[in-house]
Amino acid sequence: MSDEAAPVADNAPPFSLAEEEETIDADTPLPQEAIEPPVEPVALVSQPKRLTRAAPPMLAGPVTRYGFRDAKPINFGRGASPRHLAVHGVDVSRWQGNVNWGKLRAQGANFAYIKATDGGDHLDPMFRTNWRNADAAGLKRGAYHFFYWCRTAGEQADWFIRNVPRVEGALPPVIDVEWNGESSCKRRPSRATVQEKMQVFMDKLERHYGQRPIIYTSPDFYRDNLRGAFLDYPFWLRAVARHPSKVYPGRKWLFWQYSGSGLSHGVRGRIDLNVFHGDERQWRAWAGGSRQMVADAD
């Protein structure tokens, strides 16, 4: 994920972060179960208002199994590969161009998070097309917002709400918070200000959509601002070189972005690959009728 306003080459990945990531608290020894994390029952951390009374019919079908290739495959260690988890998906923006959603679905994309807005006045030009076509292809869909530190949180929440419909069966909204050197906004507020602005934005979205937002972040931003914070929110963690348990020790997570170099017949170039932290039954429970927020520590 990245700032849409930044100039990016046609063959560049849709984020601006380095491939190699520093481990947070690298000197802290990790337990064996953190190195080889089992798939265990997820823990409920929040239960916001429900928007739906039943799961959409598409959830009755089987989960599409992993079929992606990776231009830069990573060995995450014995037992720690994302392939051990059942439910994979993608995130997309304008940089993927015209997406063949049917091919993405057939190759293993069960869900898609779609870039919607930046700051308080930018709408991804492919959002409405991607939003419509992902649903038509049978993917669970959600929208994300790239947060600008040079605009007020209230303005940004209003802009997202104005552009992202509140529809039955959609995944919870995502706030994408990171430091991005390519952004036109170079401001880096204090940890306290970051958390205050995020809370205003997330509260507004939760009131409107009836779902607790998911926080997407990267290692450097997490280290500076989010370690030990927002414990009752689900997290989507970027960790493309090492397992999240090594990059974000002790942090519960719902989604893991494990690659920015995925390859699929559905898109030209590379695509971000993600995985849900749970098995197929837990995915159905979370994404379908229960609308419970799920996260689990490693």
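Author: Let's start with the rule for a salt bridge: a side-chain nitrogen of Lys or Arg within 4 Å of a carboxyl oxygen of Asp or Glu. This is a predicted model, where local features need pLDDT of at least 70 and side-chain atom pairs count only at pLDDT 80 or more, while totals for chains, interfaces and linings use all residues. Residues are numbered from 1 along each chain as its sequence is written, and side-chain values use heavy atoms, with hydrogens and water left out.

Reader: What makes Arg212 and Asp232 a salt bridge?

Author: Their closest N and O atoms are 3.2 Å apart. The cut-off is 4 Å, so the pair qualifies. Arg212 also meets Glu206 in a salt bridge, at 3.1 Å from N to O.

Reader: What do Arg212 and Asp232 tie together?

Author: Arg212 is in the loop between H5 and strand S8 (214-217), and Asp232 is in the loop between helix H6 (219-226) and strand S9 (235-238), so the bridge joins parts 20 residues apart in sequence. Helices (H or I, at least four residues) and strands (E, at least two) are DSSP runs, numbered from the N terminus.

Reader: How many salt bridges does the structure hold?

Author: Ten. One of them joins Asp121 and Arg151, with the closest N and O atoms 3.3 Å apart. That pair links distant parts of the chain, 30 residues apart: Asp121 sits in the loop between S4 and S5, and Arg151 in the loop between S6 and H4. Asp121 has 55% relative accessibility and counts as exposed, while Arg151 has 24% and counts as partly exposed. There is also a network of salt bridges that links Arg65, Glu280 and Arg284.

Reader: How do you know that Cys150 and Cys185 form a disulfide?

Author: Their sulfur atoms are 2.1 Å apart. A disulfide is a pair of cysteine sulfur atoms within 2.5 Å, so this pair passes. By this rule the count comes to one disulfide. Cys150 is in the loop between S6 and H4, and Cys185 is in the loop between strand S7 (174-177) and H5, 35 residues apart.

Reader: What puts the buried residues of H3 on one side?

Author: The buried residues of helix H3 (residues 127-136) are Phe127, Asn130, Trp131 and Ala134. They cover an arc of only 100° around the axis, which puts them on the same side of H3. The arc is that of the directions from the helix axis to the C-beta atoms. Arg128 and Ala136 are exposed on the other side of H3. The buried residues pack against several elements, including strand S3 (88-92), helix H2 (101-107) and helix H4 (153-163). After H3 comes Gly138, with a positive phi near 90°.

Reader: Which residues of H4 are buried, and what covers them?

Author: They are Ala153, Gly154, Gln156, Ala157, Trp159, Phe160 and Asn163. Their cover includes S4, S5, H3, S6 and H5. Asp158 is also in H4, yet at 39% it counts as partly exposed.

Reader: What makes the largest nonpolar core a core, and how many residues has it?

Author: A nonpolar core is a set of buried Ala, Val, Leu, Ile, Met, Phe, Trp, Tyr and Cys residues joined through side-chain atoms within 4.5 Å. The largest has 54 residues, and those with the most contacts inside it are Val90, Met198 and Ile215. Helix H5 (residues 191-209) gives the most to this core, with six residues. A second, separate core of 18 residues includes Met1, Tyr216, Trp286 and Ala287.

Reader: Which residues is Met198 in contact with, leaving aside its neighbours within four places in sequence?

Author: Contact means heavy atoms within 4.5 Å. On that rule, with those neighbours set aside, Met198 touches Trp149, Ile175, Val177, Ile215, Leu226 and Phe230.

Definitions and conventions: Buried < 20%, exposed > 50% of the residue type's maximum accessible area, 1.4 Å probe, protein only.
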